[in-house]
Amino acid sequence: MKIMFVCLGNICRSPMAEYIFKTIDQDNKFIVTSSGISDEEYGNDIYPPAKEILNKYNIKYDKHFAHKITKEEYEENDYIVVMEDYHISRLNSMFGNNNKVIKLLEKDIEDPWYTGEFDKVYHEIYEGCINLYKKIGN
Ligand code: 4NP
């Protein structure tokens with residue numbers, strides 16, 4: 001099973017979700033990756049304040065290379081998990097509607113790049129990942 005987390009820039013929320021989900025998925029049932037709906041941050045690593053939060057909660061991460069989701073990635077993943085309604089509408093207009101696109105929480109997870117609320121976002125993403133894993137990981 002392949003799952004891809006998607007946010008806007010692919011340097012804060014979606015890489016946080018990628019590595020939180022990998023930590024939860026101890027049996028490696030999933031191939032987990034992340035991307036953005038924009039390429040504004042192309043090639044960049046995880047944003048340092050997001051790394052600090054991952055360090056704080058002992059979530060391991062690798063070197064990251066931000067990129068925009070490709071058609072191939074969209075097609076090959078079983079689940080595409082986004083942070084905001086806006087990401088769904090962008091993906092729908094890029095690739096057409098598909099019910100494999102789901103939102104991590106019912107509410108939008110706001111962009112910490114603008115709000116600075118990295119701790120709050122960590123907890124929201126963690127809650128979303130735990131619930132998602134319970135739903136699709138068994
Ligand atoms: P992310 O945060 O979508 O959670 O990775 C952002 C990072 C960069 C930008 C926007 C959001 N940006 O506009 O460059």
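In this predicted model, the count of aromatic pairs comes to ten. One of them joins Phe21 and Phe30 edge-to-face, with 5.3 Å centre to centre and 80° between the planes. Phe21 and Phe30 are both buried. They also belong to one aromatic cluster, formed by Phe5, Phe21, Phe30 and Tyr133.

Another pair, Tyr57 with Tyr122, is stacked: the ring centres are 4.1 Å apart and the planes are 10° from each other. Tyr57 lies in the loop between helix H2 (48-56) and helix H3 (71-76), whereas Tyr122 belongs to helix H6 (residues 118-136), so this contact ties together parts that are 65 residues apart in sequence. The two rings can also be described by their accessibility. Tyr57 is partly exposed, at a relative accessible area of 26%, while Tyr122 is buried, at 4%.

A ring can also face a charge. The charged end of Lys100 sits over the ring of Tyr74, at 5.1 Å from the ring centre.

The strands come next. Strand S1 (residues 2-7) pairs with strand S3 (residues 79-82) in the parallel sense, over four bridges. Within this pairing, Met4 has Ile80 in S3 as its bridge partner. S3 is also joined to strand S4 (residues 101-103), by three bridges, and these two strands run parallel. Here the bridge partner of Val81 is Ile102 in S4. Between S3 and S4 the chain passes through helix H4 (residues 85-95), and this β-α-β crossover is right-handed.

Conventions: Residues are numbered from 1 along each chain as its sequence is written. This is a predicted model: local features need pLDDT of at least 70, side-chain atom pairs count only at pLDDT 80 or more; totals for chains, interfaces and linings use all residues. Side-chain values use heavy atoms; hydrogens and water are left out. Rings of Phe, Tyr and Trp (its six-membered ring) pair if their centres lie within 6.5 Å; planes under 30 degrees apart count as stacked, over 60 as edge-to-face and the rest as tilted. Buried means under 20% relative accessible area, exposed over 50%, partly exposed in between (1.4 Å probe, protein chains only). A charge sits over a ring if NZ of Lys or CZ of Arg is within 6 Å of the ring centre and within 35 degrees of the ring normal. Two strands pair if DSSP finds at least two bridges between them. A crossover is right-handed if, with the strands pointing away from the viewer, the path from the first strand over the helix to the second runs clockwise.
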